[in-house]
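Here is a quick tour of one protein, written to be read with the model open beside you. Have a look at the fold, then come back for the details.

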Amino acid sequence: SINKSGINNLSVVYSGWKKGGINGTKYDSVSIEKKVGSLKDFEGLDKLIKEKNGRFYLGLNPVTANDKQMNPKNLSAITLGKEFEAIVRDNDEALFNKSYLIKPISAAEQTSNLMQKYNNFHIYARKFNIFGYGKA
């Protein structure tokens, strides 16, 4: 057991929980991917981790998205040169080598919507490096 090995303050961030998985979820989706479990399953995992003196977080990336997840015309931040703000990796073999930066207001709204819907859970907004605390 983890506690027997001396680990007694565990934090678990579950990424890829939204419908479509980590790279396929639509940006504004608030549904749980049924392949990874149900709301009841996540509540059980949260309870188990709390019983071991840990914290469970639903991981969220509200700052970037690929073009499969959203339409850049609707959600992407715009540069001074009127281009979509994007991060491009020099790896053409990567599944998604371009990520668009989301408009700040859209990122804040998405984070707020998820925190309201899943207010019994902690939310970890990676790339903001913000831990949001619900009722959990």
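This is a predicted model: local features need pLDDT of at least 70, side-chain atom pairs count only at pLDDT 80 or more; totals for chains, interfaces and linings use all residues.

The partners are Asp 46 and Lys 50, whose closest N and O atoms sit 3.2 Å apart. Both belong to helix 2 and are four residues apart, about one turn of the helix. In general, side chains of opposite charge can pair when their charged atoms come close.

Are the two partners buried or exposed? Asp 46 has a relative accessibility of 6%, so Asp 46 counts as buried. Lys 50 comes out at 37%, and therefore counts as partly exposed.

## Helix 2, side by side

Helix 2 (39-51) is 13 residues long and reaches 18 Å from its first C-alpha to its last, close to the 18 Å expected at 1.5 Å a residue. Which of its residues are buried? They are Phe 42, Asp 46 and Ile 49. These three cover an arc of only 70 degrees around the axis, so they end up on the same side of helix 2. The general rule behind this kind of spacing is that an α-helix has 3.6 residues a turn, so residues three or four places apart point the same way.

On the other side of helix 2 you'll find Lys 40, Lys 47 and Glu 51, which are exposed. The cover over the buried residues of helix 2 includes strand 1 (11-14) and strand 2. Just after helix 2 ends, Asn 53 takes a positive phi of about 65 degrees.

## The overall layout

Stepping back, the protein has four helices and seven strands. Along the sequence they run in the pattern β-α-α-β-β-α-β-β-α-β-β. Of the 136 residues, 35% count as buried.

The largest nonpolar core has eleven residues: Trp 17, Ile 32, Phe 42, Ile 49, Phe 56, Leu 58, Leu 60, Leu 114, Tyr 118, Phe 121 and Ile 123. Helix 2 and strand 2 are the elements that give two or more residues to this core. Strand 2 supplies the largest share, with three residues. Apart from this core lies another one, of seven residues, among them Tyr 27, Tyr 100, Ile 102 and Ala 107.

Leaving out residues up to four places away in sequence, Trp 17 touches Ser 31, Ile 32, Glu 33, Val 36, Phe 42, Leu 58, Gly 59, Leu 114 and Tyr 118.

## Loops on either side of helix 1

Val 36 is one of the residues that Trp 17 touches, and it lies in the loop between helix 1 (21-24) and helix 2. Its relative accessibility is 35%, so Val 36 counts as partly exposed. Beyond its neighbours within four places in sequence, Val 36 is in contact with Tyr 14, Gly 16, Trp 17 and Phe 42. Val 36 and Gly 16 are 20 residues apart in sequence, with 8.6 Å between their C-alpha atoms.

Lys 19 sits in the loop between strand 1 and helix 1. At 51% relative accessibility, where exposed means over 50%, Lys 19 counts as exposed. Apart from residues up to four places away in sequence, Lys 19 touches Thr 25, Lys 26, Ser 29, Ser 31, Ile 32 and Glu 33. From Lys 19 to Val 36 is 17 residues along the chain, and their C-alpha atoms are separated by 9.2 Å.

## Asn 61 in its loop

Where is Asn 61? Look in the loop between strand 2 (55-60) and strand 3 (64-65). Asn 61 counts as buried because its relative accessibility is 18%, and the cut-off for buried is under 20%.

What does its side chain meet? A polar atom of the Asn 61 side chain lies 3.1 Å from the backbone nitrogen of Val 63. The side chain of Asn 61 also makes a polar contact with the side chain of Thr 64, at 2.8 Å.

Note on methods. Residues are numbered from 1 along each chain as its sequence is written. Side-chain values use heavy atoms; hydrogens and water are left out. Buried means under 20% relative accessible area, exposed over 50%, partly exposed in between (1.4 Å probe, protein chains only). A polar contact is a pair of N or O atoms within 3.5 Å; within protein, one must be able to donate a hydrogen and the other to accept it, and residues adjacent in sequence count only if both atoms are side-chain atoms. A nonpolar core is a set of buried Ala, Val, Leu, Ile, Met, Phe, Trp, Tyr and Cys residues joined through side-chain atoms within 4.5 Å. Contact means heavy atoms within 4.5 Å. A salt bridge is a side-chain nitrogen of Lys or Arg within 4 Å of a carboxyl oxygen of Asp or Glu. The expected span of a helix is 1.5 Å times one less than its number of residues. The arc is that of the directions from the helix axis to the C-beta atoms.
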